[in-house]
Amino acid sequence: MINPNRFPIYADLLEAKKQGKKKFFALIDPDKLHFDQIDQTIELGQTAQIDAFFIGGSLMVNNVLDDIIIRIKENSTIPIILFPGSSRQLSYKADALLFLSLISGRNPELLIGKHVETAPYLKISPLEIISTGYMLIDGGVPTSVSYMSNTYPIPATKNDIAVCTAIAGELLGLKLIYMDAGSGARQAISTKMINAVSSSIDIPLIIGGGIRTAERAYQNVQAGADMVVVGNALEKDPNLIIDIAAAVHSA
Ligand code: 1GP
């Protein structure tokens with residue numbers, strides 16, 4: 001039983017899954033979004049009542065993580081979840097952090113090494129820590145995550161490998177599975193793979209990477225995704241937030 005006082009965001013995700021309510025998260029990559037675009041994205045996110053802002057990126061060369069979080073907090077009530085591309089992307093000002101274990105890869109640093117380094121900081125942090133099995137799926141182009149993590153993604157048609165990897169993550173006690181084709185993927189994850197994985201696990205499933213339209217987001221939640229993440233497409237057209245949120249919430 002999850003304590004909702006200690007894990008309010010995760011408890012809400014579990015409750016939503018139980019009730020069949022789907023969630024939409026907008027990803028903000030501080031390196032890509034210009035500061036003048038941020039205000040518009042926050043406003044649209046608030047209007048569309050998105051379920052959270054994810055913040056993270058592969059590099060994060062701009063030192064603006066705290067500034068962006070403060071800006072969101074000042075102008076919206078949407079929860080902020082860190083989706084860190086590295087162990088340096090930590091801010092105590094956010095609400096929660098996905099403690100990612102790259103279970104599709106075989107790089108020990110990203111399975112446990114970095115976790116050991118950051119554990120003492122996370123233990124004393126006010127952040128809600130949500131352990132997450134992160135699975136990269138081949139999206140048709142080499143992605144930043146694949147290069148930076150020095151791992152191969154799971155081939156796009158190997159549903160059985162994806163299923164077994166997700167089950168292993170669940171049995172290890174991870175609280176979420178996040179299947180990601182990588183930011184800017186040419187092909188989003190197939191609805192067949194989403195369906196196969198979602199029907200094999202009981203923990204919530206997040207899908208991201210290469211989702212560019214409300215239709216695609218809708219198909220993903222219909223196929224079994226509990227949550228959908230979109231980043232790239234919103235950088236090009238922030239107004240998409242409204243359509244995608246409506247599509248996901250209608251499912
Ligand atoms: C990437 O899943 C996220 O890690 C979002 O991908 O930027 O392609 O929407 P996009």
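Me: Which residues does Ile68 touch, not counting residues up to four places away in sequence?

Reply: Contact means that heavy atoms lie within 4.5 Å, and by that rule Ile68 touches Ile28, Pro30, Phe35, Ile38 and Ile55. Please keep in mind that this is a predicted model, in which local features need pLDDT of at least 70 and side-chain atom pairs count only at pLDDT 80 or more, while totals for chains, interfaces and linings use all residues. Residues are numbered from 1 along each chain as its sequence is written, and side-chain values use heavy atoms, with hydrogens and water left out.

Me: Where does Ile68 lie, and is Ile68 buried or exposed?

Reply: Helices (H or I, at least four residues) and strands (E, at least two) are DSSP runs, numbered from the N terminus, and Ile68 has its place in helix α3, residues 65-75. For burial, we call a residue buried under 20% relative accessible area, exposed over 50%, and partly exposed in between, using a 1.4 Å probe and protein chains only. Ile68 has a relative accessible area of 0%, so this residue is buried.

Me: How many aromatic pairs does a search of the whole structure find?

Reply: Rings of Phe, Tyr and Trp (its six-membered ring) pair if their centres lie within 6.5 Å, and planes under 30 degrees apart count as stacked, over 60 as edge-to-face and the rest as tilted. The search finds 6 aromatic pairs. In one of them, Phe83 and Tyr134 have ring centres 5.7 Å apart and planes at 70 degrees, so this pair is edge-to-face. Phe83 lies in the loop between β3 (80-82) and β4 (96-102), whereas Tyr134 belongs to strand β5 (residues 128-136), and the pair links these distant parts of the chain, 51 residues apart.

Me: Which other ring pairs with Tyr134 in an edge-to-face way?

Reply: Tyr178 does, with 5.2 Å from centre to centre and 75 degrees between the planes. Because Tyr134 lies in strand β5 and Tyr178 in strand β6 (residues 176-180), this pair ties together parts that are 44 residues apart in sequence. Tyr134 is buried at a relative accessible area of 5%, Tyr178 is buried at 1%, and Phe83 is buried too.

Me: Which charged residue sits over the ring of Phe7?

Reply: A charge sits over a ring if NZ of Lys or CZ of Arg is within 6 Å of the ring centre and within 35 degrees of the ring normal. Here the charged end of Lys175 sits over the ring of Phe7, 3.9 Å from its centre, and Lys175 also lies over the face of Tyr10, at 5.6 Å from that ring centre.

Me: How many salt bridges does the count come to?

Reply: A salt bridge is a side-chain nitrogen of Lys or Arg within 4 Å of a carboxyl oxygen of Asp or Glu, and by this rule the count comes to 8. One of them joins Glu15 and Lys18, at 3.7 Å from N to O; both residues lie in helix α1 (residues 8-19), 3 residues apart, which is about one turn of the helix. Glu15 is partly exposed, with a relative accessible area of 34%, whereas Lys18 counts as exposed at 69%.

Me: Which salt bridge partner does Lys17 have, and which parts of the chain does the pair link?

Reply: The side chain of Lys17 meets that of Asp226, at 3.1 Å from N to O. Asp226 lies in the loop between α8 (214-223) and β8 (227-230) and Lys17 in helix α1, so that distant parts of the chain, 209 residues apart, are linked. Asp226 counts as buried at 9% relative accessibility, while Lys17 is partly exposed at 25%.

Me: What should I notice about phi of Gln49?

Reply: Phi of Gln49 is near 55 degrees, which is a positive value in a residue other than glycine. Gln49 lies in the loop between α2 (35-48) and β2 (52-55), and at 46% relative accessibility this residue counts as partly exposed. Asn150, which is not a glycine either, has a positive phi of about 55 degrees; Asn150 is found in the loop between α5 and α6 (159-171), and is exposed, with a relative accessible area of 68%.
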